[in-house]
Amino acid sequence: MPPSGRVLVLLARLLAGAGKTYIASRAIDLFLLDPTSEKLAYFYCNRAEENRRMPESILNTLIQQLAQTESEDKLLKPVIDIFQDREKKGQEASRLTLNESQELLVQLTDIYPQTTICIDALDEVEHGIRVQLLKSLKHVVERSKNLVKIFATTRMDTDILRQFEMFPRIELQPDDNVSDINQFVETKVQSTIDDGLLLDGDVHRELKLEICNALCTRSKGM
C-alpha cells in the first residue's frame, strides 16, 4: 500500500558537476541555523571511501545523529534497548545488521514529530548495492508513525528514481534553473565586455547574443 501524506521526498537529480554537494550542504547549513522540533540526520556519500559508500555505514551514521540528546552523555531508549539486548546475546562488539539499523531508525523517527534525512550523492553508492540503502530508506518512511522527509541529491540514475516512485515527491531537474543561469551568463558576459576583457570591449550585440546562447546551451544546469 502506498504511504499516506506522512512522507515527502525532495530529489535533486543533476548532472555531474552541477553542484549537488553544494546544494546539499547549503540545505543542511540553513536547517542547522534554524533548529525546531524537527530532527535532522545527514550523510555525504563518496565512492572513493569505503565507509562513505556502504549502506550499513550510512544508516549507522544516521542513527548516531538521531540518537543524540541535548545531554551528550545520554542516548535515547531504543539505542539503549538494542545494546542491552545484544549484550545479553554476547553480540555487543558486532556491528548492527542492515535490518537492525533500519528498524532502529524507525523507532528513532517515531520519537520526533518530524524527521529530515538528507543524503548527498546517492549515486556514489555502488550500483549493485545501493538498492539495499534505498529499500531501507523506503522501509523507514513507510513504517514511521510520524512525518519523515528525505532530501537527496543524485545524478540522473533511473534506478534511484524508481525506488521512490510510490512516494509524494518534488524533483529538481537541471532545466529548473535555466532562467537563473541565463541571467547569470548574460550579466557576466556584459560585465566582461564593459571591463574590456572580451575583444577589448568591442563586441556587437549579435555576437554577444551568440556567446550567451552558446554558454547557456552548453551549461546543462551547471
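Guide: The cysteine sulfur closest to that of Cys-45 belongs to Cys-118, and because the two are 9.9 Å apart, they are too far from each other for a bond. This is a predicted model, and the distances here are computed from it. Cys-45 itself counts as buried, because its relative accessibility is 6%, and the cut-off for buried is under 20%. A second case is Cys-212, whose closest cysteine sulfur is in Cys-216; at 6.2 Å, this pair is also too far apart for a bond. Cys-212 is buried too, with a relative accessible area of 7%. Across the whole structure, the search for disulfides finds zero.

Six of the seven residues of S3 are buried, so the strand is mostly covered. S3 has a parallel partner in S2, to which seven bridges join it. Within this pairing, Phe-43 stands opposite Ile-119 of S3. S3 also runs parallel to S4, and six bridges join these two strands. Here Thr-115 has Val-148 of S4 as its bridge partner.

S3 and S4 also belong, with helix H5, to a right-handed β-α-β unit. H5 has 14 residues and spans 20 Å from its first C-alpha to its last, close to the 20 Å expected. Its buried residues include Leu-133, Leu-134, Leu-137, Val-140 and Val-141, as well as Arg-130, Lys-138 and His-139.

In soluble globular proteins, nonpolar side chains tend to be buried together. The largest nonpolar core here has 35 residues, and Ile-58, Leu-62 and Leu-108 touch the most other members. H2 provides the largest share, six residues. Leaving aside neighbours within four places in sequence, Leu-108 is in contact with Ile-63, Leu-66, Ala-67, Leu-76, Pro-78 and Val-79.

Another core, of seven residues, lies apart from this one; Cys-212 and Cys-216 are among its members, as are Ile-181 and Ile-193. Phe-184 is placed in helix H7, residues 178–194. Phe-184 is exposed, because its relative accessible area is 52% and the cut-off for exposed is over 50%. Cys-212, by contrast, is buried.

How values were computed: Residues are numbered from 1 along each chain as its sequence is written. This is a predicted model: local features need pLDDT of at least 70, side-chain atom pairs count only at pLDDT 80 or more; totals for chains, interfaces and linings use all residues. Side-chain values use heavy atoms; hydrogens and water are left out. A nonpolar core is a set of buried Ala, Val, Leu, Ile, Met, Phe, Trp, Tyr and Cys residues joined through side-chain atoms within 4.5 Å. Buried means under 20% relative accessible area, exposed over 50%, partly exposed in between (1.4 Å probe, protein chains only). Helices (H or I, at least four residues) and strands (E, at least two) are DSSP runs, numbered from the N terminus. Contact means heavy atoms within 4.5 Å. The expected span of a helix is 1.5 Å times one less than its number of residues. A disulfide is a pair of cysteine sulfur atoms within 2.5 Å. Two strands pair if DSSP finds at least two bridges between them. A crossover is right-handed if, with the strands pointing away from the viewer, the path from the first strand over the helix to the second runs clockwise.
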